[in-house]
Amino acid sequence: MGAMVRRLEFDNLLSRHMRGRAGHALALLAIGLVLAGCGAAPTPMPTPAPTPTPAGEVLILAIGDSLTEGLGVGDEETYPAQLEAALRAAGHAVRVVNAGVSGETSSGTLQRIDWLLQQQPDVVILAIGGNDGLRGIDPALTEQNIAALVTRIQASGAVVVLPGMEMVRNLGSEFVSDFRAIYPRVAEESGALLMPFFLEGVAGDRTLNQPDFIHPTGAGYAAVVANLLPYVEQAIQQAQAR
Amino acid sequence: MTLLHPTFIRRQLATTRSQSLIFVLCVALSMVTLVALRGFGDSVDRALTRDARALIGADVVVQSNFAFDPAVDSAVEAIAARGAAETARTWEFYSVVRRPGEDGSLLSNLKVVDAGWPFYGTVELASGAALRAVLAPGRVIVEQALLDRLGVQVGDALRIGDATLTIADVITFEPDRPTTFFSLGPRVLVDGGDLAALNLVNPGSRVTYRWLLKAADPAAVDDLADEVRTVADRDFVRIDTFRTARTGVERFFTNFLFFLSLVGIFTLMLAGIGIQSSLTAFLRERHGTIAVAKTLGASSRFVTVNFYIVVLLLGAIGALLGILLGFVLQWTLPALLSGFLPPDIELTISTRAVVESALLGLVVVLLFTFLPLYRLEGLRPSFIFRKEEPPIVNRLPFALTLLLILGLFTGLVIWQLGDVRTALWFAGGALVLLLIAALLTEAALQLLKRWDVRWLPGRQALRGLFRPRNGTRAIVITLSTALGVLFCIFVIEQNLRASFVQSYPPDAPNVFFLDIQPDQQEAFAATLGMEADYVPAVRAALMAVNGAEPRRNPEGEDRGNGGEGGPEGGDGRRSPQYTLTYRAALAEGEMLVRGDSLFGDAETVNPVSVLQETADARGIDLGDVLSFNIQGVPLDATVTSIRKQDAGSVQPFFGFVFAPDVLTAAPQTIFTGVRVAPDEIAALQNRMVAAFPNVTVIDVTATIAQFASVVQRITQVVRFFSAFSILAGLLIVISSVYATRLARVQEAAYYKVLGATGGWVTAVFALENVLLGLLSAALALLMAQVAAWAIMTWLFELEYRFLPDASVAMIAITIAAVMLVGMVASIGILRSRPINFLRLQTENE
Amino acid sequence: MPAILSAEQITKSYVIGDRQIAVLDDVSFDVQPGEFVVIMGSSGSGKSTLLSVLSGLDQPSRGRIRIDGVDVTDWSEDRLAPIRNSTFGFVFQSFHLVPSLNALENVAFPAELRGDKDARTRARTLLERVGLGGRTTNFPHQLSGGEKQRVAICRALVNDPKIIFADEPTGNLDSKNGAGIIDLLIQLHRERQTTLVLVTHAPEVAEHAGRVITLADGKVVGDEYREENANGQRSTVN
C-alpha cells in the first residue's frame with residue numbers, strides 16, 4: 001500500500017554535475033513524480049551469498065507492502081522489528097527480515113518471490129493485497145496471485161502465515177465482501193495459517209493511524225504485533241516440528 | 001511681507017534647466033519604478049489570488065481523512081449561522097462503480113458535493129450547461145474516460161454503492177483538480193443529497209472530508225480559519241486558506257515579487273540620492289541670487305518657502321512624467337514577460353497603485369530635499385562679498401535626516417514584507433552591504449589619495465576625485481552597491497548556465513530510459529536499434545555499517561516521511577535507500593582512490609565498491625562490512641575499494657557497485673541512455689513508449705532547455721528592474737558633474753590659461769570618469785564575486801566559475817557608461833574659453 | 001629692434017541687447033623685449049580687456065596681435081596653448097591657483113605640462129627665491145593672500161616666459177603686501193630681463209614702470225616712457 005509514486009533518485013541516474021540542490025530542482029522540474037513499477041522477472045537461481053542465519057535461529061520473512069516496510073515510521077517501529085522484539089522477549093531465537101516494498105501489489109511480489117525464498121525462511125508472513133484492493137484490481141486476479149505465492153512459499157519448505165486484508169468501505173459493499181473472501185479461501189485451500197484481519201482493532205482508529213487514514217503509527221503496529229503473535233508462534237512450532 | 005513670490009518662483013524654474021531636468025528625471029525614475037513594480041506586483045497577485053481561490057474552490061478549506069469531530073462541525077455551522085460565511089461540504093473517495101446488471105466495474109474517483117461547491121472557479125461540462133443546472137439528486141456527472149471504459153453513455157444508469165444514479169453530463173474541467181493530478185480512476189460527481197443513499201461513507205471508509213467556506217468579508221479569511229483551528233485536532237484536520245494553499249509556482253512568484261520590491265526600494269533610495277545631489281547643484285547656482293535676496297531683506301523663511309515651492313513644482317512634473325512612463329511600461333511588460341507569467345494575467349495599474357506610488361514618491365522627495373533646502377538657511381548675505389561656500393554645519397539635522405531616511409527604508413521593507421523580523425534582518429543586511437561598500441570605498445580612496453602619480457593628466461584626474469564636494473564617495477558607494485547586486489545576479493545566472501546548459505558534453509546521452517524490465521531488455525534493444533549501455537538498478541536500504549547504524553545524513557532525509565497525503569508522521573530513524581548496480585569493471589571516467597582493485601581478491605564474499613562522496617557521507621571505510629536489505633534479502637558486503645568519478649563525466653554514478661554475480665538475481669530494473677539528434681527525440685520517444693508503456697523517458701535536452709529558459713526569463717525580469725537602479729546611479733553621476741560644475745569650469749580655465757590644450761583638459765576629465773567607473777565597477781565586482789561564490793557554493797552546491805571574460809566586460813561597460821555620461825555632462829565646460837570664467841570672476845569682484 | 005608684442009588697431013566691442021558697446025577702440029602700440037609696461041586707467045577704461053586680448057585669452061573684434069612678429073590673432077585655443085604655457089606668464093588679481101594642488105605643484109604645473117623633468121626642482125628654487133621655501137606643501141587655502149600671489153608669480157616664471165602679464169596683482173592685497181608684490185615683480189623682471197605688462201589703476205604702482213600707457217574709454221590717451229627707469233630698461237637691451 002502507500003506510496004504509489006516515488007521520486008526518482010535523479011542523482012543516481014544522471015551525472016555528477018547535475019548534483020546539488022539545483023540538480024534536485026532540475027530533476028523535479030524535469031520528471032516530477034515518476035510512477036515507478038519495480039519488479040523482476042523470475043530468473044534462474046543465482047549464486048548470491050546472503051547473510052547466513054546462525055544455526056538454530058528461526059528465520060521469519062515478513063513479505064508485504066508499505067504496511068510491512070513501515071511507511072512513515074522509524075525502522076524500530078515497523079511491525080517486523082516489533083515482532084522480532086516480542087518473539088525474543090517470549091524466548092524464541094528468531095530473526096525477522098523485513099521484506100516489504102511500498103506500493104507493491106500481489107503481482108509485484110510474485111515477481112520477486114524467488115529472490116526472497118533463496119534465504120530458505122522457516123516462516124513467511126505474507127501480508128499483501130492491500131494495494132490491489134485500493135487500485136480496484138479484480139479480486140479474482142488478486143486471489144490467483146496470492147494462491148500462487150502461498151504455493152511457491154510452501155514448496156520452499158516454509159510455513160505460511162496469511163493475515164487477511166479488508167477493504168475500505170467506500171469501495172462498495174460488493175467489492176469489499178469479494179475482497180474479504182480471498183484470504184479465508186486461500187488459507188483453507190492451502191493450509192496456510194489464517195489471521196482473520198491484519199489490522200484488527202487498528203483500522204479506522206484515529207489514535208493508532210497516521211493522518212492518511214491508511215498507515216498505522218508505531219503504536220498501531222504494536223497492536224498489530226499483539227494480534228499477530230499467537231499465529232506466528234504457532235507457525236514457529238509447526239516449522240520446528242518438521 | 002508676503003511669503004510667496006510667483007515671479008521669483010517662475011524665474012527659478014526658467015533658468016539653469018539642466019539641474020532641474022536631472023531633478024525631474026530622478027523623481028520620475030523613482031515614480032516609474034514604483035508604479036511599474038506596484039502594477040506588476042498587483043497584477044500577478046490578483047491573478048494568483050484568483051487562481052489560488054479557484055484551486056481550493058473556497059476561501060477556507062477544512063479537510064480530514066477522518067470524519068470531523070462534532071466540535072469542528074458546530075464551529076463551521078456557527079460561522080454559517082451568523083452569516084460570516086457560506087459553507088458547503090464535499091466527500092471525496094474511490095469506489096468501484098458498475099453498470100447495473102452487467103459485469104463491467106471500474107474504480108472511480110467520486111466527489112460528493114453540496115450545493116455551493118465550488119465557490120470559486122467554474123466547473124465546465126460537455127453540454128455547456130452550468131453545473132447546478134445539471135447536478136441534482138439522482139444524477140451524476142462523469143469524466144469521459146468512465147464512459148469509454150465502462151461502455152456507457154449519458155442517460156445510462158450507474159450503480160454506485162447502494163444507489164443507482166443517472167449519468168447526466170460529462171465533466172471537462174474541474175477548477176480544484178489540476179489536469180496533471182494523478183488519479184487511479186475517472187471522476188464521478190455526485191450530489192450531496194445522494195450521500196446517504198450511496199451508503200459508502202461509513203466507519204471504515206477512507207474518505208477525504210471537507211468543509212468549504214466562502215467568507216462574507218474577504219479580510220476575515222484568516223480569522224475564520226483560526227476560529228475552526230482552535231477546536232480542531234491539528235494532527236488530523238488540515239485547515240488551508242487560499243493563501244496558505246498556494247502552490248510552489250505561486251510561492252515562487254511571491255518570493256520573486258518580493259525580490260523585485262526590494263530592487264524597487266533600492267532604486268527609490270538611489271533616486272533619492274540623485275534628487276538630493278541634483279538639488280544641491282541647482283541651489284548652489286542660486287547662492288548669489290539668494291544672498292542678494294537676503295541682502296535686500298528677504299527672510300530665511302521667504303527663501304525656504306519659495307524654493308520648496310520650486311522643488312514641489314519640479315517634483316510634480318517629475319511625478320507626472322514618472323506615472324505616465326509607468327503606464328507606458330505596463331504595455332511593454334507583457335511582451336517582456338511572455339511565457340513566464342501565469343496565463344491570462346491582466347496587466348493593469350490600479351488607481352490605488354498610482355496613489356500609493358505618488359504618496360511614497362512625495363515622501364521620498366520631501367525627505368531627500370530637506371537637507372539641501374535646510375542648508376539655505378545658513379547662507380549669509382555676505383556670500384556676495386566673499387566667494388566662499390556656505391559652511392556645512394547643522395550636524396543634528398543631518399543626522400536626523402539620515403535617521404529618517406533609514407526609517408523610511410526600513411518602513412518600506414516592512415510594508416513590502418509584512419513581517420517585521422525578516423524586514424529588520426533584511427534592512428540590517430542592506431545596511432551591512434552599504435557599510436561594506438562604504439568601508440571598501442573609503443579604503444580604496446585612501447589608497448588612491450596616497451598614490452603619487454607622476455604622469456600629469458593622471459595626477460590631475462586623481463586629484464579631481466578629491467575635489468571639494470565632489471561626492472566621489474557617495475557616487476562610488478551607490479554605484480558599487482547597485483552594480484554589485486546586478487553583477488551578482490549576472491554572475492550567478494552565467495554560472496547556472498555554465499553548470500547546466502553549456503557544460504553538458506555534446507556526445508553524452510541526452511535521452512534516458514528508466515524502468516525497463518529485465519525480460520524486456522532484448523525486445524527493447526531491438527526496437528531502439530542503437531548501441532547503448534544497459535545498466536541494472538537495484539533498490540535497497542543500507543541497514544548498517546559494521547553492525548552500527550550508518551552516519552546520518554545532515555539534511556534529515558532519513559526520517560520517516562509521514563506517508564502519502566499526511567503531514568509529518570513518525571520521527572524514528574529510517575535506513576537510507578540507495579540504488580545499487582553491478583558490473584565487472586570500472587566505468588569510463590572512474591578511478592580507484594583506495595583499494596588495489598575494484599573487488600579485491602577472489603576470496604572476498606560479496607565485494608562492493610563505494611563512491612568517495614557516499615563513503616564520506618555515511619562514514620564508510622575500506623574493509624567495512626555493509627549490511628543491506630535488498631528488497632527483503634539481507635546481504636552483508638565487504639568494501640573492497642573506494643572510487644572517484646571524473647567531475648566532467650556524464651556517466652551515471654552509483655554509491656555502491658557490486659560484483660555481477662551477487663545481484664544478478666535481485667529484483668531490478670534497467671536503464672539506458674542514448675544520444676539522439678534533437679529533432680529525432682520526439683519520434684523515438686513515441687516509438688519506445690508505444691512498445692513499452694511501463695518505460696519512463698527523460699529527455700535531458702528538453703529539461704535543460706526548459707531550465708535555461710526559466711533562468712533566462714527570471715534574469716530578464718530582474719535585469720529589467722535592476723536597470724532602473726543603474727539609471728539612478730548614472731543620474732547621480734550626471735548630477736554630481738553638475739554639482740561640481742563651478743569647480744570643473746574653474747579647473748578647465750586654469751589649465752587652459754597655463755597652457756593646456758583642450759585635448760589635455762578632456763583627457764584629464766575623461767580619466768577622472770574612468771577612475772570613478774573603474775573604482776565603482778571593481779568594488780562592485782569584488783562584492784558580487786564573493787556573494788555569488790558563497791551562493792553557488794553553499795546554496796546551490798555547485799562548482800563556481802570566476803568568469804574572467806564577463807568580469808572584464810562588466811568593468812569595461814561600466815567605465816564606458818560612466819565616462820560617456822560624465823563627458824556628455826562636461827561638454828559645456830570643455831568648450832568654454834577660459835576668458836569667460838575669468839571675466840565672470842572679475843565681474844563678480 | 002623687433003617688437004616682442006604688438007597691437008595693431010585693436011577694437012573690441014560687445015553686443016548687449018540691441019546695443020553695441022566698444023570697450024577698446026583702435027588701440028595700437030608695440031612692446032619691446034625687456035620692457036616694463038604699465039597699462040593704467042580707471043575702472044571700465046578697458047585695460048583688463050586689453051590685457052586679455054594682448055595675451056590671447058580673448059580675441060579682438062578687429063585688429064591684429066603679433067608676438068615676435070607672428071600674427072596670432074586668429075589662432076585656435078589649442079594652437080595658443082604652448083604660447084600661454086612657455087612664452088607667457090600670468091599673474092591675476094584673484095591669484096587663480098589650482099585648489100587641488102599644493103604650492104610646489106602649482107608652481108611646477110606649467111613646467112610639467114611642458115614635459116620638463118626638472119619642473120619640481122625649478123619650482124622649489126623659485127619658491128625659495130620668493131621666501132616660501134617652507135610652505136611648498138601648503139595648499140592654496142592654507143596660504144595668505146600675499147603668499148598666494150607670490151606662488152602665482154613663481155608659477156608665471158617657472159617656464160622662463162618672455163612676457164609676464166599681470167592683471168591688478170595687488171588688487172586683493174593690503175597696501176603692505178601689495179607693495180611687496182610689486183617689488184618682487186620688479187626684482188624678478190630685472191633679474192630675468194623678462195618683459196612685464198602690468199595692468200593697474202593705482203598710480204603708485206605705475207611709478208616703477210619704464211613706460212605707462214593710459215587708457216580712457218577704450219582709447220589710448222597717453223603713452224610715456226619714464227626717465228628714472230631708463231637704466232633698468234637699457235640694461236635689458238644688450
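Predicted model: local features only at pLDDT ≥ 70, side-chain atom pairs only at ≥ 80, totals over all residues.
**The largest core**

Start by selecting B:Phe307, B:Trp760, C:Leu5, C:Ile39, C:Leu54 and C:Phe165. Among the 145 residues of the largest nonpolar core, these touch the most other members. Next, show helix H22 of chain B, residues 758–795, which supplies 15 residues, the largest share of this core. Then color domain 1 (13–57 + 261–418) and domain 3 (440–506 + 701–845) of chain B. Both domains contribute residues to the core, so it lies between them.

Now center on C:Phe165. Leaving aside residues up to four places away in sequence, C:Phe165 touches C:Leu5, C:Leu51, C:Leu54, C:Ser55, C:Phe88, C:Gly89, C:Phe90, C:Val91 and C:Val197.

**A separate core**

Select A:Val58, A:Ile153, A:Phe198 and B:Ile698. They are among the 105 residues of another core, which lies apart from the largest one.

**Chain C against chain B**

Show the contact residues: 28 come from chain C and 24 from chain B. The area buried between the two chains is about 2,500 Å², with carbon and sulfur atoms giving 57% of it. On the chain C side, pick C:His96, C:Phe109 and C:Leu113; these lose the most area to chain B, together 22% of what that side buries.

For the charged groups, two salt bridges are found across this interface. Zoom in on B:Arg459 and C:Glu112, whose side chains form a salt bridge at 3.0 Å, N to O. Seven residue pairs between chain C and chain B are in polar contact.

Finish with helix H2 (77–87) and helix H3 (103–114) of chain C, the elements that give two or more residues to the side touching chain B. H2(C) provides the largest share of that side, six residues.

How values were computed
Residues numbered from 1 in each chain as written. Chains lettered and ligands numbered in written order. Heavy atoms only, no water. Core = buried A, V, L, I, M, F, W, Y, C linked by side-chain atoms within 4.5 Å. Buried < 20%, exposed > 50% of the residue type's maximum accessible area, 1.4 Å probe, protein only. Helix = DSSP H or I, 4+ residues; strand = E, 2+ residues; numbered from the N terminus. Domains from an automatic or database assignment. Contact = heavy atoms within 4.5 Å. Buried area = accessible area lost by both parts, 1.4 Å probe. Salt bridge = Lys/Arg side-chain N within 4 Å of Asp/Glu carboxyl O. Polar contact = N/O pair within 3.5 Å; in protein donor to acceptor, adjacent residues only side chain to side chain.
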